[in-house]
Structures are given as structure tokens and as C-alpha cells.
Amino acid sequence: MEKNIMLNENIFWIGKIDDRDVPFHRLTLTKGTTYNSYLLNTEKPTVIDTVDISFGKEFVDNLENIIELDKIKYIVINHTEPDHSGSLRSLASKAKNAVIVCTKPAVNELKEMYKLHDREFLIVRDGDTLDIGGKTLKFIETPYLHTEETMITYCEEDKILFPCDIFSTHVANYEYFNDLAKEDIIGDFIGYYKLIMHPHRRYVQNMIEKIEDLDIKMIAPSHGFVLRENVQSFIDIYDNMSKNAETSKKALILYSTMTGNTKKIADILKEKFEEQNIASKVINVNKTPKEEVIAAINEADAIFFGSSTKYGDMIGNMEDILKNLKSLDLESKLGVAFGSFGWSGESIEVVQDYLNETDLKVLSTSDVIKSTGMIDVEFPLRIRFSPNEDSLIKIERSVTYISDLLLSGI
Ligand code: FEO
């Protein structure tokens, strides 16, 4: 059983230190980690986040030694990933009067994951506050840091930020606070940022804007050290590392079109890249000499290959261009298949097959999910008929994702 550490008056760390090799996002955390949960023992006692499901019984038993569980009024879930919400069912079954506080997208996830369909939920939105009797919690939505439903909780009186995964470190430690750490934690702090947050750097900037007017004396994240010394320097690390680097990166959009719809997608892609300050060029491969197309490919950093589908295959000169790719040095370049289609859109898949045989880093929905957890960015980019409002959103998401990869300094 862990000790209960006091962060401030009536605010306790009630988490779990996991000093094993911890499997995590297809990696092994060789320094282990901690699952930090907090009890704000006010007139309306509130628990912020829980611990991994494997430690649910220990967590609840430990908490029962501090407080009668049916007195708990609120359980705040900042993020639904099971390393933080995993013990919610165990806790909720004993904290029978507790209302579960979370963002709108989190409600169904928690209900389904932990069979909480009959429990009372309080949905909070950006800037909402909650009086917990002597302390006030303010909620700040932080979507995609690192999943859609995430939020930060800020305790106004104590000036403590509870940001769950954000500002975390994966280090099992028994010192709890950064000023007591036996070793410099900056390397682990940055390593965590790069692994979990950097793929979502655009949202990191949004989050920084939202918290910049808060007076933050302490950051109590849900992994690793509580930060109470040089607090601003940790925020500055996130700010600096997530800012756009100056870039000379270029996008190239090659297309072959039958009715003009694939050209429309190509033009929208160009427009969206320009909104991201990334130079882009569109080429119709049927009206441009092959040598010129190859030269443009050699100069580009992200290359889109798009074709309409006719009789289940691509059209025009696109296949000829694709056949030339194997002889080019494409190792550091991104490749994307796209196209408009009416029925099945086989050509887009055939283009993807060709790209997979090259040195390009070919973007796929599967890789996006595995590397970022984002489920609304799709590759190849398949658009049915002429681009409409929904497809504009789809195209924009793809361009944003690729722009972040191109602009990323890491
Ligand atoms: Fe620490 Fe996203 O879970």
C-alpha cells in the first residue's frame, strides 16, 4: 500500500506506484510509472482520476482507510484511458453516492467500459466550475491531449492544475515531488512529451493558450512527479517544443481525373496546405511531361497520388508514374493515395499497393491510429463523387495531420 501524500491542505495523493516493466503503447516503460489519483477532502469530497484496473482493489481499500466511500460526492475523470479510469468501477461500486464528472465525449465511453449506465454523470464544458465545498474546480477541455475526451481540472483556491496525462513523466518514484527527485527529471519529462503529446502538438498549443491566464503553483499530473518547483519551466518546455518550426517543406499533389472530381480534391488539398503555410503544387500527370513530374517528386516532401476509378482501375498516366517510383530515392518522403470515386474506388487501393512497394513512408489509417490514437484521420483519402462539406472536413484533417508531420522538429 502506498503512503497518502499531502499536496496542500485537504489535498492528498492516493495513487499507485508501478515499478515493474510496464507494457505501454507497444513499448515497455523500463522505469515503470505511477498512476496518480487525488482526493480533495472537502465538504463535498472529490476524487480526481483513479488508477490502473490491476490495482483497483488496493486503491479502493486504501481510500477506505482515509474516507467513508459513500461520502464521496464527485469522481472527476479527466481522461478515459484505462490507466486512469480503470478503477472507476471498483470505486463507483462503493462510492455509491458519487456523481461522475467528465466531458461529453467521455460519458458513453465510461458507461460502456465500466457498465455505469445507471450512474449519475455531470457533463462539464470548457470554463465550467464546480463548488466542492471550500474549493472550486474549473474544467478546461483539452481534446486530443491525447484523446478526444480529455480535460484538465484546476483547483482555483490551491492553484493546482490536475492535467492527467499532460505534463507527466513515466518514472516509478517514491519521492513524489520534482524538488525531491534524486535525479534530473527533464530527460524523462521531454521523452514523455515526445512519445505522447508531440503527435498532437497543435492541440498542445491550444492547451497552452487556455491555461496561460491561470495562476499555477503546482501541477499534479497522473503519471510520475508532481511539479511544484520551477513550474512555469515545464509549461515552457511544452510551449517551445510544440511551436511550429520554420519550414521549407513542400507538398506535391499529382492527379489523373476523369470527370474533374479528383482535380477538385487536388485543388482543395493545395488550398489547405497553403493555409498551413506549406508550399504546394498540383500537377495533372496527363498534361505534364514525365520528366517534369519526376523532378517535382524529387523536390517534394509529401506526395499525393490521385486517380479516378474507371472499370476498377486507375486512369491515364498515373500508373506509368507509379512504376517509376521504385528507382527513386524516396526514403524521407511521405506518400498518400487519394481519389474521387462513384462505386468502389478500386484505383485508390491500387495506387496504395504501388506506394507500399516503394521507399515512401505511406500513410495509412492503421498507422495513424497506432501512432496517435486518432480515429478520424483517414488514409488513403477516399472521396465519393464531388467533394461536399463532409469531405472538406476529411481533407482538412488529412492535411492538418500531414502538416504536423512536416512541421514537426522531432
Ligand atoms: Fe496515461 Fe492516456 O493514459
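**View 1. Domain 1 and domain 2 have centres 39 Å apart, taken over C-alpha atoms.** Domain 1 covers 5-242 and domain 2 covers 250-407, with bounds that come from an automatic or database domain assignment. This is a predicted model, where local features need pLDDT of at least 70, side-chain atom pairs count only at pLDDT 80 or more, and totals for chains, interfaces and linings use all residues. Residues are numbered from 1 along each chain as its sequence is written, and side-chain values use heavy atoms, leaving out hydrogens and water.

**View 2. Here we zoom in on the area buried between domain 1 and domain 2, about 740 Å².** Buried area is the accessible area (1.4 Å probe) that two parts lose on being put together, summed over both. Carbon and sulfur atoms give 45% of that area.

**View 3. One salt bridge is counted between domain 1 and domain 2.** A salt bridge puts a side-chain nitrogen of Lys or Arg within 4 Å of a carboxyl oxygen of Asp or Glu. Look for the side chains of R202 and D404, which meet in a salt bridge at 2.7 Å, N to O.

**View 4. Now for the cysteines: the whole structure has zero disulfides.** C102 is in no disulfide, and its nearest cysteine sulfur belongs to C164, 13 Å away. That's too far for a bond, because a disulfide needs a pair of cysteine sulfur atoms within 2.5 Å. Are these two buried or exposed? C102 counts as buried at 0% relative accessibility, and C164 counts as buried at 2%. Buried means under 20% relative accessible area, exposed over 50%, and partly exposed in between (1.4 Å probe, protein chains only).
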